[in-house]
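Colleague: I would like to learn how to read a few features of a structure. Could you take me through them one at a time?

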Amino acid sequence: MKRRHFISNTAKSTGGVIVASSLTTLGLFSGSSSRAGEKRGLGVALVGLGSYATGQLAPALQMTENCYLAGIVTGTPSKADSWSDQYDIPAENVYNYQNFDGIADNDDIDIVYIVLPNSMHAEFVIRAAQAGKHVICEKPMATNYEDCQRMIDACRKAEKKLSIGYRLHFEPYNLEAMRLGQQQIYGKVLESDAGFAFPLRDKSRWRLDKEMAGGGPLMDVGIYAIQSTIYTRGQLPVSLEAMDTTVDKAFYGAVEGTLDVKFEFPAGIKATMRTSYEESSNYLKVQAQEGSWELAPAYSYGGLKGQTHLGPMSFPAVNQQALQMDDFASCILKDKQSIVRGEMGQRDMFIIDKIYESAAIGKPVSLKGIPNILHLV
Ligand code: NAD
């Protein structure tokens, strides 16, 4: 399907008008409507054409206003052909992993978006920065804290911006959870519980390979629960205690199957989270002094629901990825810092490293030295 047909069909089937007006409501939308087949703002090249790039990012790039899908990087020649055809991508904007560095000479590409398995993020973010491009890197930023530092350093040296694909910072229900907690609308947050889990039992998937994924569900979906625990408060935890509660240890082997974490925030305030490849969950529950709120599902691409102690929340559906990418393009155009910058990904990797350390030694660990990065609303 060519791009103009795709846009027309998407607008008919998913309510493109609603998406566009929601973007305007959130103040993240420049206002003029998309013109199929034309360049819109900054050019984005997607690196790694797997399920997330195919199912979410490329479609979202048909709805963005400040950026558009200008190029692709893939190791699979058949994908190069089908994507070029579907999205009108010229042959000179199609790269593979070997000739990728030549992107330095391509003025059509302003932003490189890394959507590869986790262990490949560091190498490709650094190569993109060295090619003189701004970079979006999917979560988790890397597989360890030191790699995050190398990625940040490379982007700083190249004077290019780096952001992480934390789409929920642009999603109205999660923004409302931030507002209620951070602005203490119902008093101080007393406790919270977050969970994100889905069953995964296919050993052929890189997500179950410790080398490629860096860990198990914590790296993949638990990171969203870490995020919501923090952005609900606008505060950093001071310590944590983690427990590997995997049921089928023989199957999951080197990666955790299930993990439970208790966080401590200043003034002794506690939070819990759980992530797993052995069950399903998708929620955030918060208890404050004078009220409570809950999101469930909390972290999906769409269909989110929320309620407070007073009743249901109601917000328009948005395309999270379109908002996220438009915001990054806008940050580049206005030379502003992204609310989900590389340092936030590094902060979360600091926490993830400490979670694995605590689970390994069976004791609480301090989070002294955690990067002081927050998105305050
Ligand atoms: P996927 O397995 O569907 O796609 C990975 C892509 O990388 C494939 O195109 C594959 O061909 C390519 N690849 C290149 N070298 C590879 C190698 N050595 N081994 C395996 N694949 C290789 O994965 P995905 O679900 O698209 O996830 C990609 C990244 O995006 C991950 O970091 C993941 O955490 C992230 N992600 C983020 C979200 C989100 O909501 N922000 C959602 C899904 C995935």
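Predicted model: local features only at pLDDT ≥ 70, side-chain atom pairs only at ≥ 80, totals over all residues.

Colleague: Let me start with helix packing. At what angle do the axes of helix H9 and helix H12 cross?

Modeller: Two things describe such a packing, the approach of the axes and the angle between them. Helix H9 (residues 217–231) and helix H12 (residues 342–361) have axes that come within 10 Å and cross at roughly 110°. An angle of 65 to 115 degrees counts as roughly perpendicular, so H9 is roughly perpendicular to H12.

Colleague: Which residues of H9 and H12 meet?

Modeller: On the H9 side they are Leu218, Met219, Ile223, Ile226, Gln227 and Ile230. On the H12 side they are Met344, Arg347, Asp348, Met349, Ile351, Ile352, Ile355 and Tyr356. Sorted by class, this contact of H9 with H12 has 11 nonpolar, one polar and two charged residues.

Colleague: And how do helix H5 and helix H6 cross, roughly parallel or roughly perpendicular?

Modeller: The axes of helix H5 (residues 121–130) and helix H6 (residues 145–157) come within 8 Å and cross at roughly 10°. Angles under 35 degrees count as roughly parallel, so H5 is roughly parallel to H6. His121, Ala122, Val125, Ile126 and Ala129 of H5 meet Asp147, Arg150, Met151, Ala154 and Cys155 of H6. By class, the contact of H5 with H6 has seven nonpolar, one polar and two charged residues.

Colleague: Next, aromatic residues. How many aromatic pairs does a search of the whole structure find?

Modeller: The search finds 12 aromatic pairs. To read a pair, take the distance between the ring centres and then the angle between the planes. For Trp83 and Tyr87 the centres are 5.4 Å apart and the planes are at 50°, so the pair is tilted. Both residues lie in helix H4 (residues 77–87), four residues apart, about one turn of the helix.

Colleague: Why does a spacing of four places matter for the way residues point?

Modeller: An α-helix has 3.6 residues a turn, so residues three or four places apart point the same way. In this case Trp83 is buried, and Tyr87 is buried too.

Colleague: Which aromatic pair links distant parts of the chain?

Modeller: Phe198 and Tyr277 form an edge-to-face pair, 5.3 Å centre to centre with 75° between the planes. Phe198 is in the loop between strand S7 (189–197) and helix H8 (210–213), while Tyr277 is in the loop between strand S10 (270–276) and strand S11 (281–288), 79 residues apart. Phe198 counts as partly exposed because its relative accessibility is 27%. Tyr277, with a relative accessible area of 1%, is buried. Elsewhere, Tyr97, Phe100 and Phe124 form one aromatic cluster.

Colleague: What else is found around these loops?

Modeller: Ser280 also lies in the loop between S10 and S11. A relative accessible area of 57% makes Ser280 exposed. Setting aside neighbours within four places in sequence, Ser280 is in contact with Ala197, Phe198 and Pro199.

Colleague: Where do charges sit over rings?

Modeller: Look for a charged end placed over the face of a ring. Arg201 lies over the face of Phe251, 4.1 Å from the ring centre. The charged end of Arg233 sits over the ring of Phe265, at 4.3 Å from its centre.

Colleague: Is burial read per residue or per helix? For instance, how many residues of helix H7 are buried?

Modeller: Helix H7 (residues 172–182) is mostly covered, with nine of its 11 residues buried. Among them are Tyr173, Met178 and Leu180. Which residues are joined by a cis peptide bond?

Modeller: Omega is the angle to check. A cis peptide bond joins Lys139 and Pro140, with omega about -15°, and Pro140 lies in the loop between strand S5 (134–137) and H6. Another cis peptide bond joins Ala296 and Pro297, with omega about -5°. Pro297 is in the loop between S12 and S13.

Colleague: And what is phi of Asp88?

Modeller: Phi of Asp88 is near 55°, a positive value in a residue other than glycine. Asp88 lies in the loop between H4 and strand S3 (94–95) and is partly exposed, with a relative accessible area of 33%. Gln184, in the loop between H7 and S7, has a positive phi near 50°.

Technical notes. Residues numbered from 1 in each chain as written. Heavy atoms only, no water. Axes fitted to C-alpha atoms, helices over the stretch in contact; angles between N-to-C directions. Parallel < 35°, antiparallel > 145°, perpendicular 65-115°, else oblique. Contact = heavy atoms within 4.5 Å. Nonpolar A, V, L, I, M, F, W, Y, C, P; charged D, E, K, R; others polar. Phe/Tyr/Trp six-rings, centres within 6.5 Å; stacked < 30°, edge-to-face > 60°. Buried < 20%, exposed > 50% of the residue type's maximum accessible area, 1.4 Å probe, protein only. Lys NZ or Arg CZ within 6 Å of the ring centre and 35° of its normal.
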